[in-house]
Amino acid sequence: MTENRFKKDFPIFDNVPCVYLDSAATAQRPAQVIEAQKRFYETMNANPLRGLYELSIAATDAYEEARICVRDFINAADEAEIIFTRNATESLNLVAYSYGLNFLHEGDEIVTTVMEHHSNMLPWQMVAEKTGAKLIYLEPDMDGIFSREELDRKITERCKLIAITHVSNVFGCVNPVKELADRVHRNKGVIVVDGAQSVPHMKVDVRELGADFLAFSGHKLMAPFGIGVCYGRRELLEAMPPFLTGGEMIEYVKLDGATWAELPHKFEAGTVNPAGAYGLKAAIEYLQGVGFDYIRETEDRLTARIFEEFSKLPYMHVYGSKDPANHSGITAFTIDGVHPHDISSILDADKVNIRAGHHCAQPLMEYLKVGNTARASLYLYNDDEDIDRFIESVKKVRGIMGYGA
Ligand code: C6P
């Protein structure tokens, strides 16, 4: 048994003892982030970017320092490229509405994949419908891998935008973003990367990846709910019209029109979320203290244990690669003859929290010919004891549902 050095930082495990295996849905928060939220409201709370008094300036400073922290975290060239949003979904919609609707046309092709979360699929369906661009879906094999033939056949010279998840929230596989970026850049197109499941778990460097846009949510990397990030290359953001209009995103307003604020504020309409941004900075600092090496090692080791135990149970099915190291801590599974909702409820009785359903990836469920799956997803606070309790509980499921062994 390897001791987990970080679990003690998460007050939820003292207050509500449980085995938490649903971090792909949302992560637990360490005391450091909870304290930061409290500190903001107790010592800096005012509407930022507006007031000329000290408290408002403190709120503005907290907000803008968080932007710089995010810039460095994903290695963006400029803090003006970091737009704060509510979550990954809003970030992807920002790109679809502001870039997609204005820069794509009939005759262009948008390439995405059948494994996308609905948040990176529906915006592109909307853009295709409104612009006349054609929407093309890449189909992976059952390990989540796209063959060279599939890429060559479907990414033509007409492809002007690729929208892809960096890590699938069902397979856990890591997609070849850099290679796809190179392909679309040859056509002078752009790549939109959904980093919701990658940014909390691995070093994501937007320049090394060649990402033109990157979307992620704070809540999956231990930050407060309600803060997300949309990274965009400056030159693209400069050329794009605002997504939402209203307060704070303007330069000057007249009765017959307006001019827009400089980046990034052009894309941040209305009162922003400085407490969330401040909490996001605390979460990133905490994450950096843990280190991605530890996260990777822990998630891979524990996933390998899950796979090993599952392989002894003939009625279990795992989706995606057979190699646990290709799962980013995510294991989607089914048990013969048992609905995933029943699996989840039975595990809940043992205080083991997993997710069951379509994971907001219904087209992928259809592609896999499975209505729903159960899913266990790990993060840096999970340990061997969590896996023992999870497996113990999984082993009870078929018996409770009235099957023999
Ligand atoms: N996936 C899951 O349990 P939001 O809701 O905006 O924070 O994140 C959306 C999102 C986008 N892309 C991917 C790959 C995702 O996994 C998610 C969120 C959660 O899998 C909730 S459905």
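Contact here means heavy atoms within 4.5 Å, and that idea will come up as we walk through this structure. What you're looking at is a predicted model, where local features need pLDDT of at least 70 and side-chain atom pairs count only at pLDDT 80 or more, while totals for chains, interfaces and linings use all residues. Residues are numbered from 1 along each chain as its sequence is written, and side-chain values use heavy atoms, with hydrogens and water left out.

Helices (H or I, at least four residues) and strands (E, at least two) are DSSP runs, numbered from the N terminus. Two strands pair if DSSP finds at least two bridges between them.

Let's begin with the seven-stranded sheet. This sheet is open, its pairing is mixed, and its strands come in the order β2-β8-β7-β6-β5-β3-β4. Which strands stand at the edges? They are β2 (82-85) and β4 (134-138), and each has a single partner strand, so one side of each is left without a neighbour in the sheet. From one strand to the next, the twist averages 15°. For angles like the ones below, axes are lines fitted to C-alpha atoms, for helices over the stretch in contact, and angles run from 0 to 180 degrees between N-to-C directions.

Now follow some of the pairings. β2 and β8 run antiparallel and are joined by four bridges, with I83 opposite C230 in β8. On to β7 and β8: they pair in the antiparallel sense over five bridges, and S217 has G228 in β8 as its bridge partner. By contrast, strand β6 (residues 190-194) and strand β7 (residues 213-217) run parallel, with three bridges between them. There, V193 stands opposite L214 in β7.

Buried means under 20% relative accessible area, exposed means over 50%, and partly exposed is in between (1.4 Å probe, protein chains only). By that rule, five of the five residues of β8 are buried. In a regular strand the side chains alternate between the two faces of the sheet. In β8, G228, C230 and G232 point one way, V229 and Y231 point the other way, and all are buried. Helix α3 (residues 54-73) lies across β2, β7 and β8 (228-232), running at about 120° to β2.

Time for the other sheet. Four strands make up this open sheet, in the order β11-β12-β15-β14, and the pairing is antiparallel. Its edge strands, β11 (316-319) and β14 (355-357), each pair on one side only. On average, neighbouring strands here are turned by 30° against each other, direction ignored. Between β14 and strand β15 (residues 373-377) there are three bridges in the antiparallel sense, and G357 stands opposite T373 in β15. Helix α12 (residues 340-349) packs on the sheet and touches β12, β14 and β15, with its direction at about 160° to that of β14. Helix α11 (residues 292-311) lies across β11 and β12, running at about 15° to β12.

What about the aromatic rings? Rings of Phe, Tyr and Trp (its six-membered ring) pair if their centres lie within 6.5 Å; planes under 30 degrees apart count as stacked, over 60 as edge-to-face and the rest as tilted. The whole structure holds 17 aromatic pairs. In one of them, the ring centres of F333 and F390 are 5.9 Å apart and the planes are at 70°, so this pair is edge-to-face. F333 lies in strand β12 (residues 330-335) and F390 in helix α14 (residues 384-400), so the pair ties together parts that are 57 residues apart in sequence. Both F333 and F390 are buried. Elsewhere, ring pairs link F6, F10, F13, Y286, Y294, Y379 and Y381 into a cluster.

Let's finish with α14 itself. The expected span of a helix is 1.5 Å times one less than its number of residues. For the 17 residues of α14 that should give 24 Å, and its end C-alpha atoms are 25 Å apart, which agrees. Its buried residues include D384, D386, I387, F390 and I391. After α14 comes G402, whose phi is positive, near 95°.
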